[in-house]
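Morning, everyone. Please have the sequence and the 3D view open while I talk.

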Amino acid sequence: MVLLAVALQSWRAPFPFRRGDYVPHGIAAKISFERVDEKETDRARDRAEEQVPFVFRNDPARLQLLPEEFRAALAEIAQTETLDDVDPAVRRDFGLYAEEDLLDLPTNAQLTYLASDPVKRFNALRQSIDGPNMMMGRQRIEEMVDDFSKFIAPLQAQGVIDLEDVRRQRIGPHQQILVVPESSELEEGRRVLLSQLRLDFQLSEAGALGTSWLSYPSLRPEIHGAVSHWLARRVEPTMHYDQVATKEAIRLARERVPDRMERFIEGDLLVRPRNTIEAEQLSLLEDEYAAAEQVITLGSRIARMSIVFGMILILSVVNGYYIISNEPRLARGLKRLLIYLSAIVLT
């Protein structure tokens with residue numbers, strides 16, 4: 001009898017609903033309860049995930065040699081008398097080719113600052129460098145390199161993003177990026193927009209570099225295009241995507257979002273009339289059942305168990321009387337009797 005009472009879970013009320021049941025009159029909530037709103041919770045966590053910036057590590061050491069490379073390029077220009085005498089690599093770097101003469105495929109930034117008149121650009125570079133004597137020419141190159149070093153300082157501070165990473169990670173123009181020094185913790189990073197890390201934007205009139213030309217008088221307006229093209233050619237990305245840190249930040253952001261709760265008041269319609277109970281409705285009914293079970297007191301559970309146990313006892317007495325009266329061989333054989341009782345409990 002004890003085993004049968006346990007098998008029947010006599011301390012719990014029966015759950016009467018099954019998937020596929022037809023409900024002609026609908027089902028209303030018997031108690032007020034709340035449950036986790038999975039859809040709204042997922043939407044809230046998706047919104048939190050969207051606010052997580054992409055983590056990029058910045059290593060400005062790649063830009064340290066740019067001033068010396070710029071000095072060498074200026075020296076090459078200073079040593080030549082005509083455009084045809086300039087080293088081909090230096091010509092490409094300063095954009096001293098017509099677009100149709102370029103062998104390699106230029107980037108958009110390079111096309112923006114490509115010289116419409118290569119000879120005119122070459123002469124402008126020469127005039128910026130030349131002095132009345134060799135000593136004056138060297139001094140001008142030093143001034144230009146010094147100004148150039150200060151001019152590119154924002155690149156070292158903010159970093160230059162790899163456009164291939166932008167395409168690969170599908171980073172939109174309005175998404176935030178957390179720029180973290182190469183060997184630092186995330187707390188030391190700073191949030192910026194994608195445009196602030198693109199070299200072409202920084203060189204534009206609205207960018208950090210494009211707005212600072214006037215602060216460096218040795219970089220004359222007539223050579224801005226040449227210097228910009230040189231940077232577009234020579235600057236390598238200083239940043240790389242930290243996938244592990246980004247995924248961890250996303251995980252933490254989603255975990256911090258609490259469950260969104262859906263509340264039902266007693267009498268609210270859980271299943272509409274003339275409907276079949278599907279998986280979603282069955283889950284809702286199970287949540288209501290679980291909430292109802294939580295408010296049942298210990299005394300009520302004991303009373304229910306006592307009633308169920310009493311009914312099992314009466315059934316056992318009636319069943320025992322029937323066996324003794326009509327199946328005496330079953331009552332005399334212990335093995336047969338155990339098999340019979342086990343079958344009752346299992347079924």
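First, the ground rules. This is a predicted model, so local features need pLDDT of at least 70, side-chain atom pairs count only at pLDDT 80 or more, and totals for chains, interfaces and linings use all residues. Residues are numbered from 1 along each chain as its sequence is written, and side-chain values use heavy atoms, with hydrogens and water left out.

Now the overview. The protein has 16 helices and ten strands. Helices (H or I, at least four residues) and strands (E, at least two) are DSSP runs, numbered from the N terminus. Of the 347 residues, 36% are buried. Buried means under 20% relative accessible area, exposed means over 50%, and partly exposed lies in between, with a 1.4 Å probe and protein chains only. Next, contacts, meaning heavy atoms within 4.5 Å. Take the contacts between residues at least 6 apart in sequence: 76% of them join residues at least 24 apart.

On to the strands. Two strands pair if DSSP finds at least two bridges between them. Strand E4, residues 54-58, runs parallel to strand E5, residues 176-181, with five bridges. Here Val55 stands opposite Leu178 in E5. E5 also pairs with strand E6, residues 190-193, this time antiparallel, over four bridges. In that pair, Gln176 faces Leu193 in E6.

Which residue touches Val55, Phe56 and Arg57? Asp242 does, leaving aside residues up to four places away in sequence. Asp242 sits in the loop between strand E7 (239-241) and helix H12 (243-256). Is Asp242 buried or exposed? Asp242 is buried, because its relative accessible area is 15%.

Helix H3, residues 66-78, meets helix H6, residues 118-129, at about 100 degrees, with axes 9 Å apart. Axes are lines fitted to C-alpha atoms, for helices over the stretch in contact, and angles run from 0 to 180 degrees between N-to-C directions. H3 and H6 are therefore roughly perpendicular, a label for angles of 65 to 115 degrees. At this meeting point, Leu74, Ile77 and Ala78 in H3 contact Phe122, Leu125, Arg126 and Ile129 in H6.

Last stop, helix H13, residues 279-294. H13 has 16 residues and reaches 23 Å from its first C-alpha to its last, close to the 22 Å expected. The expected span is 1.5 Å times one less than the number of residues. Buried residues in H13 include Leu282, Leu285 and Tyr289.

Conventions
Parallel < 35°, antiparallel > 145°, perpendicular 65-115°, else oblique.
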